[in-house]
Amino acid sequence: MTRVCAPVGAAPGRPAAPLPESRPVAPMRQDVRDADGGGRRSRRSAWASGQQRTAGQHRIVIVGGGAGGLELATRLGDGVGRRGRAEVLLIDTALTHVWKPMLHELAAGTLRAQESEVDFLQQARRHGFRFHLGTLESLERSHKQVWLAPLIDEEGEQIAPRRAIGYDTLVIAVGSVVNDFRTPGVPEHALALDSANDAHRFHRRLLAACMRAELRDQGPVDIVIVGGGATGVELAAELSEAVSEIASYGSRLAALPSPVRLTVVEAGPRLLAALPEAIAREVHEDLRGLGIDVRVQQRVTAVEADRVLLASGVGLPADLTVWAAGIQGPDVLERLDGLELNQQRQLVVRPTLQATLDDDVFAFGDCASCVPVPGGAPVPPRAQAAHQEAKLLAQGLEQRLAGRTLPVFRFHEQGAIVSLGRRNAVGRLVGSVTGRAWTIEGWIARTTYWMLYRRHLATLHGVTRTALATLGGWLAGRAQPRVKLH
């Protein structure tokens, strides 16, 4: 079932009211000259306002700097951007990119922010695109512009007003957010892991809970994770090790048989529904071996400040509750001027990744629903799918600028790996030629999992820079605690 969201400002039976005219925004930095001195070709800073544009040049605006959006901006910047065939502008709500599959490590404190973050401004300068800080508010397709919310700093001061950014081609890659299924208490009492800010907030709450348990001698820290998908499973395994490490810096918490009581609650019949049942069973046993209580076929009916209520009537004590049960598109997608959405609030796109109702609007990644083959399954909301879509879309948009036909997307399953802590993982790899699947586990799977992120970095930075950054991160980590303690 699909639905079409109403145009912004429209009331039933009435046309949409025109949006207010945007005021010019001064660039946050002055233009800079190339190193060869004045009088030669100048280049604008990545801070420059998106309202400034080169006359007559095609502008590609990408909203969302996740795994797919940043890769697409990098590929297009290195291609059509550097050759002057198009202006490439990336918009994101943050100044840094964090690979979403690693948010559970950032939340547990086992991954340093400087090891995981990519600066958008630096990436833009190196790869021939521009970056604009802002939050998507709405879309006005008749005038081919997106509207961004006012930009406010940490002190509550306005940096820039509500403003419009024009485009010739628009790509929406804003990712997904958790789906709370309207469960009472989730917005007030549960934490999600949708962004790096969410992960940092959870880690601060985790340290506070450990400190309370240490100072008040009140027993282990109770953490309930709702959702038995990859995020819930990986977070549970990571926290099992991380809290033990944090507790080792104290005395009372360290003296307990286990400093943390972890519970994973899954409404379905098993964990990891997207993976083969044999792997799910193995992961279930691995989690139990770590002392984690796994409860399947248990539906959560409400979340309170200090407990999670199940349909069976059981109340699970919870110092921290994490909601990782299902995903949906961000609510901003409902304000995109009549574009078609599905029940999961994802933009419905054709196999060319174009919106069904607008040839100049593209969407991909978790925020989009693409069914490449009629009657087939939609592309799964996974990082490998976003990577494949970004690669195809970079080629497709370049062909479109040359007046050629857009290619269609076909998802190639490569398997999946689930991390179970620093030294263990389990998963399945699918051969690209034969299609044969292999199950891997232990240090081989963990090494493969580690390499996936390095492949992502190599796509963004190149092999040499990635190798040097990896070595530097390893050397710096030798002098630091194994878990972030602040």
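In the predicted model, L70, T74, G77 and D78 of helix α1 touch F120, Q123, R126 and H127 of helix α4, contact here meaning heavy atoms within 4.5 Å. Sorted by class, the contact of α1 with α4 brings together two nonpolar, four polar and two charged residues; Ala, Val, Leu, Ile, Met, Phe, Trp, Tyr, Cys and Pro go down as nonpolar, Asp, Glu, Lys and Arg as charged, and the others, Gly among them, as polar. Helix α1 spans residues 67–81 and α4 residues 120–127, and the two pack at about 25° with their axes 8 Å apart. That makes α1 roughly parallel to α4, a label kept for angles under 35 degrees. Axes are lines fitted to C-alpha atoms, for helices over the stretch in contact, and angles run from 0 to 180 degrees between N-to-C directions. Helices (H or I, at least four residues) and strands (E, at least two) are DSSP runs, numbered from the N terminus.

On to the strands. An open sheet is built from three of them, in the order β9-β10-β13, with antiparallel pairing; strands pair if DSSP finds at least two bridges between them. β9 (136–140) and β13 sit at the edges with a single partner strand each, so one side of each has no neighbour in the sheet. Neighbouring strands here are turned by 30° against each other on average, ignoring direction. Strand β10 (residues 145–148) pairs with β13 over four bridges in the antiparallel sense. Within β13, A164 is the bridge partner of W147, while R163 stands opposite L148. From β13 (residues 163–166), R163 and I165 point one way and A164 and G166 the other, yet all are buried, that is, under 20% relative accessible area (1.4 Å probe, protein chains only).

Then there is Q346, found in the loop between β24 (340–342) and β25 (347–349). Q346 counts as buried because its relative accessibility is 12%. Its side chain reaches the backbone oxygen of D366 at 3.0 Å. Setting aside neighbours within four places in sequence, Q346 is in contact with G329, L333, E340, L341, D366, C367, A368 and S369.

A word on bookkeeping: residues are numbered from 1 along each chain as its sequence is written, and side-chain values use heavy atoms, leaving out hydrogens and water. As this is a predicted model, local features need pLDDT of at least 70 and side-chain atom pairs count only at pLDDT 80 or more, whereas totals for chains, interfaces and linings use all residues.

Conventions
Parallel < 35°, antiparallel > 145°, perpendicular 65-115°, else oblique. Buried < 20%, exposed > 50% of the residue type's maximum accessible area, 1.4 Å probe, protein only. Polar contact = N/O pair within 3.5 Å; in protein donor to acceptor, adjacent residues only side chain to side chain.
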